[in-house]
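Please look over the sequence and the structure below before reading on. The report that follows takes up a few selected features in turn.

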Amino acid sequence: EGTKNKRQWTIDDFEIGKHLGSGKFGKVYLAREKQTHFVVVLKFMKKKQLTECRLEKQLRREIDIQSHLKHPNILRLYGYFWDDLRIYLILEYAPEGDVFSELRRCYRFNESKAANYISQVIQGFIYLHSQGVIHRDLKPENLLNSCGSIKIADFGWSIHSNSKRKTLCGTLEYLPPEMVRNEEYDFRVDYWAIGVLTYEFLAGDTPFESLSKPELYKRIDATDFQFPIFFSNEAQDFIRRLLKRSPSERMTLEMALRHPWILRNICDDG
Ligand SMILES: O=C(O)Cn1ncc2ncnc(NCCc3cnc(NC(=O)Nc4cccc(Cl)c4)s3)c21
């Protein structure tokens, strides 16, 4: 069908509300579109900074991919616009904010909350993979909570790039062995990342936490991790089947959705 006549938005179309977050690449504000009173999040990014760090390509890729994705567990990118100083992203608002802050506030999630969140993340990834999208840099900083619905957002290099996470290695903790070894990788890096995410939700720390990058890489490559004693056997089995060194041995997302740990914890009132 013909391209929809997407109108050119300008900053004057919006009333700017409270400041939600900020970091290296930009500031995030609550905003309301003046005509419809539709509430959105506007991310302001300085063009100069993006060009200096040669991020235009990555931002364009994100916009091209994200603006076509429509799924309850993927944060909507409604559009974007620019003026001579800045580029603006028009994003879906997730009132409960990012899951990283939520996890740090309550230190770790109980098994039913973790399974509920992981089941939603898996549904989002099944959709992403069906759209040919991989490697979304999954970590709690890139998950937002909207009234209990988990939204995967590809933050690119923005406000969450280890601006909150205290560990030395920041975002490297989610890398799978094939990426640590700089080998070819495919969508099954996301299976590994879901294993790491599940462990972090239940333990409060990542499974390969290390004091140095070389040690982290060694532990990842050797899949050297232990479970805290309070992990249920089902949770351990679920994580073990995802944290397999060889991508082809990792259980698929469809199998993960049917794993006893998920089924046992999903109360059927959704
Ligand atoms: O907790 C918070 O973050 C604040 N907060 N609270 C509620 C809430 N609801 C929605 N969104 C929020 N924040 C914006 C989330 C983003 C989504 N997508 C992005 N993409 C991006 O930044 N791309 C990008 C930037 C710079 C360079 C490059 Cl290459 C790519 S940022 C919200």
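## Helix 6 and helix 8

Helix 6 and helix 8 of this predicted model are roughly antiparallel to each other, because their axes cross at roughly 150° and angles over 145 degrees count as roughly antiparallel (under 35 as roughly parallel, 65 to 115 as roughly perpendicular, and the rest as oblique). Helix 6 covers residues 189-203 and helix 8 covers residues 233-240, and their axes come within 8 Å. Here an axis is a line fitted to C-alpha atoms, for helices over the stretch in contact, and the angle, from 0 to 180 degrees, is taken between N-to-C directions. Helices (H or I, at least four residues) and strands (E, at least two) are DSSP runs, numbered from the N terminus.

The crossing of helix 6 and helix 8 is left-handed, a term used if the near helix is turned anticlockwise from the far one by less than a right angle, whereas clockwise gives a right-handed crossing. On the side of helix 6 the contact (heavy atoms within 4.5 Å) is made by Gly 195, Thr 198, Tyr 199 and Leu 202, and on the side of helix 8 by Ala 235, Phe 238 and Ile 239. These residues divide into five nonpolar, two polar and no charged, where Ala, Val, Leu, Ile, Met, Phe, Trp, Tyr, Cys and Pro count as nonpolar, Asp, Glu, Lys and Arg as charged, and the others, Gly among them, as polar.

## Helix 4 and helix 6

Helix 6 also packs with helix 4 (residues 111-130), the two axes coming within 10 Å and crossing at roughly 160°. That angle makes helix 4 roughly antiparallel to helix 6, and helix 4 passes helix 6 in a right-handed crossing.

From helix 4, the contact is made by Glu 111, Ala 114, Tyr 117, Ile 118, Val 121, Ile 122, Phe 125 and His 129, while helix 6 brings Asp 190, Tyr 191, Ile 194, Leu 197, Thr 198, Phe 201 and Leu 202. Sorted by type, the residues of this contact are eleven nonpolar, two polar and two charged.

## A buried loop residue

Is Phe 208 buried or exposed? With a relative accessible area of 0%, Phe 208 is buried, since buried means under 20% relative accessible area, exposed over 50%, and partly exposed in between (1.4 Å probe, protein chains only). Phe 208 lies in the loop between helix 6 and helix 7 (213-221).

Leaving aside residues up to four places away in sequence, Phe 208 touches Glu 173, Trp 192, Val 196, Leu 216, Arg 219, Ile 220, Thr 223, Asp 224, Phe 225 and Leu 243. Asp 224, one of these, is 16 residues from Phe 208 in sequence and 7.1 Å from it in space, C-alpha to C-alpha.

## Other loop residues

Asp 137 sits in the loop between helix 4 and strand 6, and Thr 171 in the loop between strand 7 (149-152) and helix 5 (177-180). Although 34 residues separate Asp 137 and Thr 171 along the chain, their C-alpha atoms are 8.5 Å apart. Asp 137 counts as partly exposed at 28% relative accessibility, and Thr 171 counts as partly exposed at 24%.

His 37, in the loop between strand 2 (26-33) and strand 3 (39-46), has a positive phi of about 60° although it is not a glycine, and at 44% relative accessibility His 37 counts as partly exposed. Cys 147, in the loop between strand 6 (143-146) and strand 7, likewise is not a glycine but has a positive phi, of about 50°, and at 64% relative accessibility Cys 147 counts as exposed.

## The whole model and its confidence

The protein has ten helices and seven strands, and 49% of its 270 residues count as buried. Among contacts between residues at least 6 apart in sequence, 63% join residues at least 24 apart.

The average pLDDT (the predictor's confidence in each residue, from 0 to 100) is 89, and 90% of the residues score at least 70. The model scores ipTM 0.96 and pTM 0.90.

Residues are numbered from 1 along each chain as its sequence is written, and side-chain values use heavy atoms, with hydrogens and water left out. In this predicted model, local features need pLDDT of at least 70 and side-chain atom pairs count only at pLDDT 80 or more, whereas totals for chains, interfaces and linings use all residues.
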